[in-house]
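This report describes how side chains pack in one protein chain.

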Amino acid sequence: MTDQSGLTRRTFARRFVTATGRRPMDHVHRIRIEKARDLIEHSDTALEDVGYQVGYEDPAFFRRLFRRTTGMTPASYRRKYAGIGTGAAAAR
């Protein structure tokens, strides 16, 4: 992001926080977790692979971040929300 903005890392981070209220990496994490939630809800992809697909190489870090963001583990999230909007839940 800093390369595209043409700003130094510090200036970019300061302006980003001023504009959005959160740090740039927190924003990136939120986008990745939203994508992970979508994958968990609408696919049967293994949870570790979901983490890889959204950019996390460490499954433990992905699980911790997912839980901190959503309030539940990826497995709990899948049990609760899998198949929403796809009709798969009605087939169960």
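In this predicted model, the largest nonpolar core is made up of twelve residues: Ile33, Ala36, Leu39, Ile40, Val50, Val54, Tyr56, Phe62, Leu65, Phe66, Met72 and Tyr77. Helix 3 gives the most, with four residues. In soluble globular proteins, nonpolar side chains tend to be buried together.

When neighbours within four places in sequence are left aside, Ile33 is in contact with Tyr56, Phe62, Leu65, Phe66, Thr69 and Thr70.

**Aromatic side chains**

The model contains six aromatic pairs. In one of them, the ring centres of Phe12 and Phe16 are 5.7 Å apart and the ring planes stand at 35 degrees; the pair is therefore tilted, since that class lies between the limits of 30 and 60 degrees. Both residues belong to helix 2 (residues 9-20), where Phe12 and Phe16 are four residues apart, about one turn of the helix. An α-helix has 3.6 residues a turn, so residues three or four places apart point the same way. Phe12 and Phe16 are both buried.

Elsewhere, ring pairs join Tyr56, Phe61, Phe62, Phe66, Tyr77 and Tyr81 into a cluster. Tyr56 also has Arg32 over the face of its ring, at 5.0 Å from the ring centre.

| Pair | Kind | Distance |
|---|---|---|
| Phe12 and Phe16 | tilted ring pair | 5.7 Å between ring centres |
| Arg32 and Tyr56 | charge over ring face | 5.0 Å from the ring centre |
| Ser76 and Arg79 | side-chain polar contact | 3.2 Å |

**Helix 6**

Which residues of helix 6 are buried? They are Pro74, Tyr77 and Arg78. These residues cover an arc of only 100 degrees around the axis, which puts them on the same side of helix 6. On the other side of helix 6, Arg79 and Lys80 are exposed. The buried residues of the helix pack against helix 3, helix 4 (47-53) and helix 5.

Ser76 also lies in helix 6, which spans residues 74-81. The side chain of Ser76 makes a polar contact with the side chain of Arg79, at 3.2 Å. Helix 6 is followed by Gly83, which has a positive phi near 85 degrees.

Terms used
Residues are numbered from 1 along each chain as its sequence is written. This is a predicted model: local features need pLDDT of at least 70, side-chain atom pairs count only at pLDDT 80 or more; totals for chains, interfaces and linings use all residues. Side-chain values use heavy atoms; hydrogens and water are left out. A nonpolar core is a set of buried Ala, Val, Leu, Ile, Met, Phe, Trp, Tyr and Cys residues joined through side-chain atoms within 4.5 Å. Buried means under 20% relative accessible area, exposed over 50%, partly exposed in between (1.4 Å probe, protein chains only). Helices (H or I, at least four residues) and strands (E, at least two) are DSSP runs, numbered from the N terminus. Contact means heavy atoms within 4.5 Å. Rings of Phe, Tyr and Trp (its six-membered ring) pair if their centres lie within 6.5 Å; planes under 30 degrees apart count as stacked, over 60 as edge-to-face and the rest as tilted. A charge sits over a ring if NZ of Lys or CZ of Arg is within 6 Å of the ring centre and within 35 degrees of the ring normal. A polar contact is a pair of N or O atoms within 3.5 Å; within protein, one must be able to donate a hydrogen and the other to accept it, and residues adjacent in sequence count only if both atoms are side-chain atoms. The arc is that of the directions from the helix axis to the C-beta atoms.
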